[in-house]
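Have the viewer open as you read.

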Amino acid sequence: MLFPTMQFGLFFLVVYAVTWGFGRDNVARKWFLLLASWVFYAAWDWHFVFLLIGSGVMNWWVADRINRTESDGRRKALVALGVTINLLVLGVFKYYGFFVEQLGTLLDSFGWGRDLPLLEIILPVGISFFTFQGISYLVDVYRGKTPVARSLGDVLLLMSFFPHLVAGPIVRASHLLPQFERTPKLSREIVCHGLVLIAWGLAKKTIFASELATRIVDPVFFDPASFGVVDLAMAAYAYAVQIYCDFSAYSDIAIGVAALLGYRFPRNFDQPYRATSLQDFWRRWHMSLSQWLRDYLYIPLGGGRGGLWRSCRNLLITMLLGGLWHGAAWTFVAWGALHGVVLVIERLWRAARPNAAWPAWVGLIVTFHVVLLGWILFRAEDFTAASTFLVSLATHWTAPTLVTPMILSLVVVGLALHALPPRAGEGVAQLLSKLPSPATALLFGAAVLIIEAIRPEGVAPFIYFRF
Amino acid sequence: MLFDTDPADLDPEDFGYAHPDEEEAAADKARGYASRIILIATLFLAVTNAASLVSWSSTLNPDWGGRTMRVLSQGWAGQMSELHLDLFRNQVRDLWAAFAALPRKPDPESSPDPGLAAPPAE
């Protein structure tokens with residue numbers, strides 16, 4: 001069930017009406033939201049609802065044991081057990097085929113080729129997100145950063161709550177569990193902010209991301225050798241806009257939908273292409289993931305403790321694993337490695353020249369183009385396609401065939417969005433909240449109507465669904 | 001017990017008989033405000049955007065429910081069209097299609113509206 005579809009719209013209307021119909025009966029509300037979340041997830045494949053429930057029960061049980069155990073060694077063993085089980089589940093479903101394939105290639109290269117047990121394993125939608133959510137809950141309970149959940153139902157809802165279930169944001173237990181414990185409340189500002197985010201998310205996904213994907217990105221990345229420099233360059237810029245609009249749209253709609261149900265999610269994007277360094281980029285792009293990687297991978301590896309070189313090593317490992325988290329392919333690892341290496345260079349540069357400062361615009365342009373290079377690796381099917389793309393980009397001077405005024409406009413506007421004031425959405429919401437409800441409703445309805453009129457037929461799944 | 005329902009653990013505000021304070025009254029008002037917005041926006045879209053209902057119903061399985069939904073949505077869209085309530089949607093769509101087709105050479109056989117994006121004759 002995709003957000004920008006009639007099916008989801010009808011689903012949400014029912015969920016909204018029933019949820020608020022419970023009044024102050026918070027227990028019934030949570031029960032209903034849990035069932036609704038499972039229905040939402042079952043729309044893809046009902047079998048995996050049991051995986052989601054099993055994962056939730058396991059995390060609840062381990063966290064409960066950690067909470068009841070006094071011995072430090074036993075607590076450590078329990079958290080290690082829980083994290084291992086979570087990673088095993090993720091490994092089997094997401095990486096089994098990849099690692100068996102690599103093992104087969106390795107054995108072949110030594111002449112020891114064998115028929116390895118390749119399995120057709122379907123990747124459950126959103127497994128990377130709910131697994132990370134489970135790990136963060138266990139580790140936070142272990143560290144004493146969040147109290148253990150009052151009930152199994154709260155943990156199940158934490159992991160299954162449908163707005164964030166399949167593509168984040170990764171909402172921490174310390175953020176969401178306290179909200180589940182009290183009756184949710186609304187304010188006019190929150191309602192309007194939710195509506196603005198939903199409308200804005202729909203526009204970004206169905207207009208910017210969909211149009212750019214079908215008209216230039218998909219054809220060019222499918223066969224880069226057939227296109228010239230201008231088409232290739234425009235496709236790279238278009239993909240930068242597409243992936244931002246696609247993923248941030250999901251986050252915006254998720255935050256907006258949760259807001260209308262009375263729950264707050266953290267911001268996940270903050271105009272990432274405004275970043276003046278790669279470090280700054282990761283403070284703005286998929287913030288819930290970068291904070292997760294920092295707290296549960298970089299810091300446990302040692303973080304910045306142990307000197308400059310050790311912190312650089314930890315940074316590189318974190319980004320490599322962050323790349324692998326995105327997908328079971330070497331192109332994702334290379335994407336993570338590129339980001340890791342540039343982050344290390346930035347760190348070394350800052351250490352060597354603490355007082356040197358580039359003009360902000362130089363940092364912005366350089367950072368954006370490093371990110372762009374990374375997106376080419378990220379989007380390409382494999383290294384051959386990526387290298388063909390890059391070689392053609394430097395050598396294949398032919399007339400453009402796909403660049404149209406509309407594509408140019410979408411790319412320019414998509415990038416220019418980053419020049420808006422940082423909290424423009426909140427500003428619009430403030431203005432809307434001063435209006436009477438019929439006026440706000442008609443403005444929201446008109447915005448959705450225009451988006452519906454413009455959008456192409458059908459909608460492709462969000463890019464981050466497969467992660 | 002799946003959800004903790006022990007009254008001892010609940011805040012006083014969770015009890016139904018507690019008098020709502022000002023904050024809760026404001027939250028109730030905001031809920032009413034949100035519900036009115038959603039209701040009005042839904043009705044507005046139902047009459048001005050009936051074509052989306054038709055295209056959604058065409059994706060449903062061809063069982064009894066899917067066929068019924070298709071017939072109902074087509075009937076509804078036809079009614080709205082007769083009242084010209086789909087005019088704004090169609091105009092926006094045509095404008096966007098013209099924008100999308102701007103530099104393309106005309107293809108008289110496939111274009112539904114040959115005059116829309118035709119460049120000057122050479």
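## A helix pair

In chain A, the axes of helix H3 (residues 47-68) and H4(A) cross at roughly 170° and come within 9 Å of each other. H3(A) is therefore roughly antiparallel to H4(A), a label for angles over 145 degrees. Axes here are lines fitted to C-alpha atoms, for helices over the stretch in contact, and angles run from 0 to 180 degrees between N-to-C directions. Helices are DSSP runs of H or I with at least four residues, numbered from the N terminus.

On the H3(A) side, the contact includes A:Met58, A:Val62 and A:Ile66, and on the H4(A) side A:Leu78, A:Ile85 and A:Val89 are among the residues. Two residues are in contact if their C-beta atoms, placed from the backbone, lie within 7 Å.

## How the model is read

This is a predicted model, in which local features need pLDDT of at least 70, side-chain atom pairs count only at pLDDT 80 or more, and totals for chains, interfaces and linings use all residues. Residues are numbered from 1 along each chain as its sequence is written, while chains are lettered from A and ligands numbered from 1 in the order in which they are written.

## A closer look at A:Leu78

A:Leu78 lies in helix H4 (residues 72-109) of chain A. Leaving out residues up to four places away in sequence, A:Leu78 touches A:Val62, A:Arg65, A:Ile66 and A:Thr69. A:Leu78 and A:Ala233 are 51 Å apart in space, C-alpha to C-alpha, and 155 residues apart in sequence.

## Positive phi

A:Gln271 is not a glycine, yet has a positive phi of about 45°. A:His286, in the loop between H11 and helix H12 (287-301) of chain A, has a positive phi near 45°.

Notes:
Helices (H or I, at least four residues) and strands (E, at least two) are DSSP runs, numbered from the N terminus. Angles under 35 degrees count as roughly parallel, over 145 as roughly antiparallel, 65 to 115 as roughly perpendicular and the rest as oblique.
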